[in-house]
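Please keep the structure open while going through the points below.

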Amino acid sequence: MAILRERPSPIVRKSLRRRRLAPRLLDSDSETSPPRKLPTPRSPRPVERDEYLEVSKPREEQNFTDYYEGLDEFEPLPVLVKESRADDEYEEYRLKRKRQDREILTRLKRPSFRKMPDQHTEEPPVARSMIQFGYNGNKTVQKPTFWRPTDRGDGLITDGLTLDQKVRSLYDMDEQDASYLEHVNARLAKDGKHISLELFEVIMTYFEMEWCFIEKLLPPKIKNEHQNEEQAQLHAQLYGSDDGIGAAPEEDQCCAVCNRNECDNSNAIVFCDGCDIAVHQECYGVAFIPEGPWLCRKCLIARNQKNRCLFCPSVTGAFKQTDNGGWGHVICTLWINELYFANPIYMEPIEGIGNIPRSRWKLTCYICRQKVGACIQCSKPSCSVAYHVTCARRSDFYMEMKQGVQTAIHDKSTVVSYCDRHSPKEWDFYHDTKQGIQKTKLYYSTGKNRDSGNKIVISKAEKKELKDTKNHWFKWKTVRGAPILPLVVIKKLDKMLQSYRIPQDINYLYEFAKYWTLKREATGGPLIRRPDTANLGVLTNEEIDERLQALDLIKQDIARLAEISSLSLKKAKLELKSTKELLDQMEIYYLPMQYLIKELLDQFLKHDRNNAIISTTFEDSNVPSIRRIVEKVDNYEYQLVSELVDDLTAVDNHVIQNFDPHSAIYRHIRNYWRRLRSQTIDRAQKAERALLKGNRKLFTGVQAEGLDFQVKG
Ligand SMILES: [Zn+2]
Ligand SMILES: [Zn+2]
Ligand SMILES: [Zn+2]
Ligand SMILES: [Zn+2]
Ligand SMILES: [Zn+2]
């Protein structure tokens with residue numbers, strides 16, 4: 001049951017359609033395949049007896065006497081030593097040989113040689129710049145086998161190369177490539193340029209990878225027939241639709257004639273079970289709806305025949321027969337002024353073909369550029385552009401039967417169509433006719449949808465435009481199906497090689513691109529193993545979001561970790577400080593004298609830049625070196641402040657008497673120490689005296705510059 005008198009809900013409609021298909025499925029199921037013949041088991045071949053013997057025959061051993069008769073294995077052999085030969089006899093022999101040799105040499109021609117041109121038996125070492133493409137820089141390439149000592153990692157291959165992306169060479173040259181490259185290099189040599197084998201391989205690899213990426217962007221190949229709803233919609237999105245299929249969801253599919261989907265009891269929409277088109281009863285002349293499946297006229301009479309409409313290049317849509325046995329679209333008949341239906345109720349056959357003026361047959365459709373059938377013209381009187389009815393429908397032009405189909409059949413003045421420039425403003429608001437034209441052009445550019453006889457007619461102006469912009473958008477492949485690289489790929493490669501400072505010539509890159517196409521044509525397929533992109537760049541948006549969230553968490557964790565680290569560092573520093581202070585306090589308390597001594601030394605060594613003072617040594621053995629003084633302080637060797645004062649005074653006097661006034665220690669003592677010493681030493685000694693008297697309170701009260709200590713008694 002395929003005919004729908006009323007407009008049921010989409011679900012019901014779909015289920016009806018599905019039920020309609022069920023018997024077909026059963027048919028294919030009922031086909032039982034013939035039982036397979038099982039191979040008869042073979043009996044093992046019997047082994048011939050002779051054969052068996054030959055195999056198992058043991059190795060024959062023979063005695064040496066069979067070969068060397070009379071050889072006695074026990075007979076002693078004579079041993080010859082050098083001295084046994086008489087010396088003069090040997091000398092005579094030697095001279096004789098020498099004479100003979102000289103005679104031979106005088107008779108021989110003198111050897112001569114000349115340098116032969118370089119035979120290229122070994123190629124020059126791989127250029128350094130090639131290492132980034134996976135070549136080993138130290139090894140040489142041996143010509144005969146094109147052996148390449150390369151560790152091939154495929155990890156770097158992705159599609160859609162960016163300029164900074166590394167390309168690893170995956171292409172292997174053959175003899176043909178080598179002789180081609182030799183030929184190219186012979187021409188390049190005039191300009192002092194050279195393209196290495198490795199660079200050539202990289203270029204070919206690059207072309208392959210770019211093409212691999214581009215191929216994915218090409219529109220998918222979809223067959224017109226036997227397509228499911230999803231495919232039909234995709235097809236319509238890419239190429240438009242002139243019969244309503246795919247332009248809308250199946251339950252809303254429009255009539256192939258009037259392009260509307262409203263219907264009622266008296267004028268139902270009928271679906272053809274052969275070609276899936278939908279038509280109104282009134283739009284196709286379906287007076288009675290049969291109970292079983294319904295087929296359009298073309299599916300009923302000429303199914304599986306690719307009959308083109310006489311008036312346009314389209315093979316899809318609602319067809320009717322003409323009075324001369326050809327086929328024509330219902331819409332072509334309605335929109336072409338001279339045509340009419342002989343029987344207006346059943347809307348067939350199409351008549352009036354002879355009335356169409358010759359000039360109309362000669363027009364070239366400005367949408368599909370094909371000079372076939374009869375074109376119509378824009379309804380705006382001043383506009384003369386010509387187009388096919390179905391091309392206009394496919395391009396979503398404004399096409400209207402102002403008073404419905406039934407009036408249009410009798411009165412062609414109610415039928416209008418406007419080109420993309422003259423369609424009503426309201427129409428343009430919802431319909432993109434410019435894009436529609438592009439879709440139609442694309443549809444007919446594939447060749448599959450075009451009759452082989454139909455050439456695409458391109459005006460001179462358009463040809464020039466195409467040439468200027470190099471926009472050969474309809475020519476992706478050669479006649480034999482080999483891909484042609486777009487210019488942008490070559491320019492990108494040129495840029496990339498420039499960024500690597502690899503000398504080349506863009507004109508030769510064009511040549512290589514052509515060569516690549518020819519090579520592909522000869523090979524009939526890709527020239528390298530397909531780069532594996534299965535696990536690259538195919539994350540869904542959800543997966544990307546998930547990863548971003550995980551990364552955010554890690555980022556937060558790291559920030560927290562950094563904070564904790566800086567806090568614990570702070571804590572450790574504070575602890576160190578407090579420990580040092582505690583040590584100082586303990587020293588003041590338990591070893592107050594040592595504290596005074598240390599403070600005094602610190603005062604002396606203040607402003608000692610670069611350890612110039614501390615490293616000074618003295619020739620006089622009575623004067624202790626500064627380092628020795630420091631050592632004594634550290635080892636608690638001084639018992640009293642005055643002992644240190646004695647040593648410092650000795651140093652002081654010695655330096656002033658014996659040292660160069662420009663030396664570091666001289667200046668230190670004269671400019672710094674002598675100004676402070678009396679005051680500092682006084683204070684230290686005062687504190688010492690107090691300490692010796694056991695008056696800790698006094699000691700506590702002493703406040704001096706650099707001697708700032710407090711001891712709690
Ligand atoms: Zn209709
Ligand atoms: Zn049909
Ligand atoms: Zn047509
Ligand atoms: Zn056309
Ligand atoms: Zn127009």
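1. A donor, in what follows, is an N, O or S atom within 2.8 Å of the metal. The model is predicted. With that in mind, the donors of the zinc ion (ligand 2) follow the spacing C-x2-C-x20-C-x2-C along the chain. The residues in question are Cys-272, Cys-275, Cys-296 and Cys-299, each of which coordinates through SG, at 2.1 to 2.4 Å.

2. What is the geometry of the site of the zinc ion (ligand 2)? It is tetrahedral, and the angles among the four donor atoms run from 96 to 121°.

3. Cys-312 and His-329 link distant parts of the chain, 17 residues apart. Cys-312 sits in the loop between α8 (297-301) and β3 (319-321), whereas His-329 belongs to strand β4 (residues 327-329). Both Cys-312 and His-329 are buried.

4. Which residues coordinate the zinc ion (ligand 5)? They are Cys-378, Cys-383 and Cys-419 through SG, and His-422 through ND1, at 2.1 to 2.4 Å. The spacing of the donors of the zinc ion (ligand 5) along the chain is C-x4-C-x35-C-x2-H. The arrangement is tetrahedral because the four donor atoms subtend angles of 92 to 121°.

5. Are Cys-378 and Cys-383 buried or exposed? The cut-off for buried is under 20% relative accessible area. Cys-378 has 7% relative accessibility, so Cys-378 counts as buried. Cys-383 has 10%, and therefore Cys-383 counts as buried as well.

6. The protein chain contains 23 helices and 12 strands. It has 713 residues, of which 38% count as buried. Among contacts with a separation of 6 or more, 57% are between residues 24 or more positions apart. The protein chain exposes about 46900 Å², with carbon and sulfur atoms supplying 52% of that area.

7. The average pLDDT of the protein chain is 76, and 73% of the residues score at least 70. Over residues 1-57, pLDDT stays under 50, and the model has 45 contacts beyond four places in sequence for them. Over residues 137-160, pLDDT also stays under 50, and the model has 57 such contacts for that stretch. Where pLDDT is low, the predicted coordinates should not be read in detail.

8. The peptide bond from Glu-348 to Pro-349 is cis, with omega near -15°. Pro-349 is placed in strand β6 (residues 348-351).

9. Asn-259 is not a glycine, yet it has a positive phi of about 65°. Asn-259 is located in the loop between α6 (229-239) and β1 (269-271). Its relative accessibility is 33%, so Asn-259 counts as partly exposed. Asp-276, also not a glycine, has a positive phi of about 70°. The loop between β1 and β2 (278-280) holds Asp-276. Asp-276 is partly exposed because its relative accessible area is 27%.

10. How many residues does helix α14 have, and what span should they give? Helix α14 (residues 433-445) has 13 residues, which at 1.5 Å a residue should span 18 Å. The end C-alpha atoms of α14 are 18 Å apart, which agrees.

11. Several residues of α14 are buried, including Thr-433, Gly-436, Ile-437, Thr-440, Lys-441 and Tyr-444. An α-helix has 3.6 residues a turn, so residues three or four places apart point the same way. Tyr-443 and Ser-445 of α14 are buried too. The cover over the buried residues of α14 includes α6, α11 (389-394) and α13 (425-430).

Key:
Residues are numbered from 1 along each chain as its sequence is written. Chains are lettered from A and ligands numbered from 1 in the order in which they are written. This is a predicted model: local features need pLDDT of at least 70, side-chain atom pairs count only at pLDDT 80 or more; totals for chains, interfaces and linings use all residues. Side-chain values use heavy atoms; hydrogens and water are left out. Donors are N, O and S atoms within 2.8 Å of the metal (3.2 Å for Na, K and Ca); water is not among the atoms, so sites may look incomplete. Four donors count as tetrahedral if all angles lie between 85 and 135 degrees; four count as square planar and six as octahedral if opposite donors are over 155 degrees apart and all others between 65 and 115; anything else is irregular. Helices (H or I, at least four residues) and strands (E, at least two) are DSSP runs, numbered from the N terminus. Buried means under 20% relative accessible area, exposed over 50%, partly exposed in between (1.4 Å probe, protein chains only). Contact means heavy atoms within 4.5 Å. Accessible areas come from the Shrake-Rupley method with a 1.4 Å probe; for residues, only the protein chains shown count as cover. pLDDT is the predictor's confidence in each residue, from 0 to 100. The expected span of a helix is 1.5 Å times one less than its number of residues.
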